[in-house]
Structure formats: C-alpha cells, structure tokens
Amino acid sequence: MESYALFRLPGELEYTEMTQTTGQPLTFDSVESLNGQEGFVMSPFAVTKDCPVLLLRPDKIVKRTLSYMKEYDYAPEGNLAQRISSRDDYAKDFHTFHSRISDGTFSKIVLARQSVEVIENTEPPRRLFERACRLYSNMFVALVSTPVSGTWLTATPELLLEGDQGKYRTIALAGTMGLWGNTLWNDKNKSEQQYVASYIEECISRFSDSCTTTGPYTVAAGDVRHLRTDFTFSLYDKQSLGDFLAALHPTPAVCGLPKQEAMRFILDNESVPRRYYSGFMGPISADGNASLYVSLRCMEICGNEYRLHAGGGLIADSEEESEWNETETKMQTIRRCFTRKIR
C-alpha cells in the first residue's frame, strides 16, 4: 500500500502531493525523535504502540493547482444514511471530567467525542480533500493515508508551529462561539483562551529568549469564531525542533492543565480513543523548517464510514448542553465536505 499526504497551506492556490511508493513510513515512539528528520509528519494526541509518530519519506512530490469550484463539486444532498453518536456517553463523560475541575484536580481539561456517519454514496477521498480546500481557503487542509494510521482528512484552523531560518510562530486558539449573532466573549471563553496563551508563552521561554505576542483577537474558522493570540520567536537551536514540539504538544487547547495529569485522565476516561485526532501533522525539514498544524475538524475515512471527531475545553463555568452543541458546530466544518443536508 502506498502512503501519501496531500496538503494545502492556508491561503494558497495550489496543494502539494507527497507519495512514498517504496517501504513504509518511519515510526517513532516519541515526538523528540523528530529532531533532524525530514518528510511529512503525522503525530497522534498521545504516542502509543498502536499510534506511533509517523514520518512519510516521499520519493515523489508534485505541486497541483486547485481549479475553481464547479457545481458538480458540491456534495449531493441526502448522502447521510445513518449517524451513530451517543449523547448519553457524552453526558457521562462530561460529568466525570467536570467533577475533576470542581474538586480542583484540573483548572481546564478538554473532552472529545466521535460521531460515526455512514454514507450511501461514497466519494473518493481526494474529491473530499479538494472540496475542503475550496470550502476553507484560510485553513490548513490535509489528506493523509498510511497502513498504520488509515486515511484521515482534516481542515484545521490551528497552527502548531511554522517557520524557517530559526524564526518561528505559533498561536493560542481557544474559546468558541457561532459565526453569527452575539459578538461579545463571555468570561468562560476568555479564561479558556488565557490558559492556552499562558502555557504557550511558558513553553517558548524554555527554548527562546526572544518572543513577541499579539492579541487576543477574534478570528473566523468555518462555522465558528475563536479567540487567537500570536507568538513570534526564535529557537536557541533549530536542530532541537523535536524537543520543542514535545514540550509544546499537546497544548491546553486540546488537553488540559496540569498537562501530564490531564493527558493521562483523558486516555483513561474518554469513551472513544482519539488516535490521531488532536495530534499534529505537516511537512518538516532537516534544517528545522516546519509547517505543522493541530489535527482538528478531522475525520477518519473507513470505506463508507466517516468517523468525525470534535472536542471542547471544560472549565468551572462549563455547561454540558452548550459543550455538546459546540462539538456539533465544530463537526459541521468537516461534515460539509460530504453532505449539505443533515436529516
């Protein structure tokens, strides 16, 4: 089986197709192992034996231009045959997670869930990728397929790390509300965003003595808006990219605080394993260049099953109904790639 990665950087009119036709992608048991590596990386939320860090080493790289969207590029209405998404499991998980905030164990923790959607008339994954590129011109869009990971499509607004020549940038992206209606951020969303921003600033300070911060400000991403803060900085040693990524990932935007305790709690208590959801992916080079994005607004494609993933940050003020609705809104971003009408 060939391994491949198609990706389109935000705002670009062409995408890159990387194909590895011989051998298998490299597998690593730690993010630190990415120091000095080159290729397309796909990292899980938490590295395990079944979900290692993957590195495609392409022997074929092609740039392709995206054509304008035609009417036949839109997904046909009524594709959805069945949706399997347990509201009861989510409510149970929410109670378990939120109780550990109430007792002071965590200041913030992220709860994720899955929705399995069975489609009557499936389309080639590459068609879905191209549709996502046209729908979301300002997001990072990628389609990755390997024997270990399976096939994943993501259209994510969240940059993890981008840069070259030792100059990098990252963002804190948290807080969520709909694209229309209210424009004022409540205290819950402001607090959630501040947790993420403070964590990222502390991580950078361990690897850099030069950092500029801008924000927070509001940005649109698909059907929702977020609060965003930008960080621009230099690394002491660009050959230690893997070490920095290991310290940075996962951020509180997808995990929680304290980080290690929150990650272990998530792995032990979420109803559905995240696997490569809320990990990161993108190209890296041996000299420290990188364009890496957090794997959000994503789904695993398994034949005619589309396994959508979404999550949200919980703090003391979080309410179960609103958090569920937030995950539904987030899933709609990637769901639009294969159906325009949900029954």
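Predicted model: local features only at pLDDT ≥ 70, side-chain atom pairs only at ≥ 80, totals over all residues.
At what angle do helix α3 (residues 187–205) and helix α4 (residues 241–248) pack, and how far apart are their axes?

1. Helices α3 and α4. The two pack at an angle of about 150°, and their axes are 10 Å apart. An angle over 145 degrees counts as roughly antiparallel, and α3 and α4 are therefore roughly antiparallel to each other. The crossing in which α3 passes α4 is right-handed. On the α3 side, the contact involves Tyr-199, Ile-200, Cys-203 and Ile-204, which meet Phe-244, Ala-247 and Leu-248 of α4.

2. Helices α1 and α5. Now to another helix pair: α1 and helix α5 (residues 259–269) have axes that come within 11 Å and cross at roughly 160°. That makes α1 roughly antiparallel to α5. This crossing, too, is right-handed. Asp-93, Thr-96, Phe-97 and Arg-100 are the α1 residues here, and they meet Phe-265, Ile-266 and Asn-269 in α5.

3. An aromatic pair involving α1. Searching the whole structure gives 12 aromatic pairs. In one of them, the ring centres of Tyr-90 and Trp-324 are 5.4 Å apart and the planes stand at 65°, so the pair is edge-to-face. Because Tyr-90 belongs to helix α1 (residues 87–102) and Trp-324 to helix α6 (residues 320–335), the pair ties together parts that are 234 residues apart in sequence. Both Tyr-90 and Trp-324 are buried.

4. An aromatic cluster. If you like rings, select Phe-7, Phe-40, Phe-140 and Tyr-293 together: these four form one aromatic cluster.

5. Arginines over rings. Two places to look at here. Arg-126 lies over the face of Tyr-4, with 4.7 Å to the ring centre. For Arg-274, the charged end sits over the ring of Phe-45, at 4.3 Å from the centre of that ring.

6. Helix α2 and its strands. Which residues of helix α2 (residues 125–135) are buried? They are Leu-128, Phe-129, Arg-131, Ala-132, Cys-133 and Arg-134. As for their surroundings, the buried residues of α2 pack against the strands β1 (3–8), β2 (14–20), β9 (140–146), β10 (150–156), β18 (298–302) and β19 (305–314).

Technical notes:
Residues numbered from 1 in each chain as written. Heavy atoms only, no water. Phe/Tyr/Trp six-rings, centres within 6.5 Å; stacked < 30°, edge-to-face > 60°. Helix = DSSP H or I, 4+ residues; strand = E, 2+ residues; numbered from the N terminus. Buried < 20%, exposed > 50% of the residue type's maximum accessible area, 1.4 Å probe, protein only. Lys NZ or Arg CZ within 6 Å of the ring centre and 35° of its normal. Axes fitted to C-alpha atoms, helices over the stretch in contact; angles between N-to-C directions. Parallel < 35°, antiparallel > 145°, perpendicular 65-115°, else oblique. Left-handed = near helix turned anticlockwise from the far one by under 90°. Contact = heavy atoms within 4.5 Å.
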